[in-house]
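Work through the exercises below with the sequence and the model side by side. Try each task before you read its solution.

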Amino acid sequence: MADYNRYGHGYATQGSAGYGQAPTPTPSAPPLSYSSSSYGYSQGGYPSSYPPPQMSGGFGFGFGGVVVTFPPGTHPDVERAFRAADRDGSGAIDELELQGALSSAYHRFSIRTVRLLMFLFNNPASSSPSRMGPAEFVSLWNCLGQWRDIFDRYDRDRSGRIDSHELTEALRSLGYAVPPSVIELLIANYNNGVSSNGALDFDNFVECGMIVKGLTEKFKEKDTRYTGSATLTYDGFLSMVIPFIVP
């Protein structure tokens, strides 16, 4: 039977597509505090520059009179970030608006990473898969706060990038025992095909980590006995992989 840590078996996933929360770290990583909200993390998930949270009523109106409902306990700064991005007051934001909102708080995300995040966090049953509502936005925002904490923890030289060794440790702390050969491929993918002496910035780390997490969860659906192997049809394989490599 496969080691559960290989697949992150103990992870808590929420949200419409199973990505609404960052994975629960293994005992090797400092514990992260959860809020009572069903959508994400408490204050620890926000950038360190944010003030202590003051609980919001959770309701409001966009410029166009559209009712915008946030999950209970949403940090006021997250609400403000969403409203600032939702320029037309429609109650939903597109990928460019999402890119602006996330880049202003966390990091300058590429549109490729933003599209992947939009795919992972949006409700698959949504009538507007190219637009994100406030609940999904809060889940994504809080999750990125946790990924930022992990990135900073393993970027020990404070270079703003993590190398292959640091990436291996960071993914292992999340429960993903990724073999060295795959780590090399991941590093090379973001360094013009060169794996040696390569490193990932936060944007690449998020994209890389979300792909590993997402594909692992998809594989687990097939490997129901946790043996480390599964049988997939060609169509099933393509359906599983393509959304992650062509966001």
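The exercises that follow treat backbone angles, helix packing, aromatic rings and cysteines.

This is a predicted model, in which local features need pLDDT of at least 70, side-chain atom pairs count only at pLDDT 80 or more, and totals for chains, interfaces and linings use all residues. Residues are numbered from 1 along each chain as its sequence is written, and side-chain values use heavy atoms, with hydrogens and water left out.

**Exercise 1.** Find where Arg158 lies and where Tyr226 lies, and decide for each whether it is buried or exposed.

*Solution.* Begin with the elements, where helices (H or I, at least four residues) and strands (E, at least two) are DSSP runs numbered from the N terminus. Arg158 belongs to the loop between α5 (134-154) and β3 (162-163), while Tyr226 belongs to the loop between α8 (202-222) and α9 (234-245). Next, take the backbone: Arg158 has a positive phi of about 55° although it is not a glycine, and Tyr226 also has a positive phi of about 55° without being a glycine. Finally, apply the cut-offs, by which buried means under 20% relative accessible area, exposed over 50%, and partly exposed in between (1.4 Å probe, protein chains only). Arg158, with a relative accessible area of 59%, is exposed, whereas Tyr226, at 15%, counts as buried.

**Exercise 2.** Which elements pack against the buried residues of α3?

*Solution.* First list the buried residues of α3 (residues 95-105), which are Glu97, Leu98, Gln99, Ala101, Leu102 and Ser103. Then look for contacts, meaning heavy atoms within 4.5 Å; the buried residues of α3 pack against α2 (76-85), α4 (111-121) and α5. Now turn to α4, where the buried residues include Val114, Leu117 and Phe121, and where the cover of the buried residues includes α3, α5, α8 and α9.

**Exercise 3.** Which residues form one aromatic cluster with Trp147?

*Solution.* Rings of Phe, Tyr and Trp (its six-membered ring) pair if their centres lie within 6.5 Å; planes under 30 degrees apart count as stacked, over 60 as edge-to-face and the rest as tilted. A search of the whole structure gives eight aromatic pairs, and Trp147 forms one cluster with Phe109, Phe151, Phe202 and Phe205.

**Exercise 4.** How many disulfides are there?

*Solution.* A disulfide is a pair of cysteine sulfur atoms within 2.5 Å, and by this rule the count is zero. As for accessibility, Cys143 is buried at 1% relative accessible area, and Cys208 is buried at 0%.
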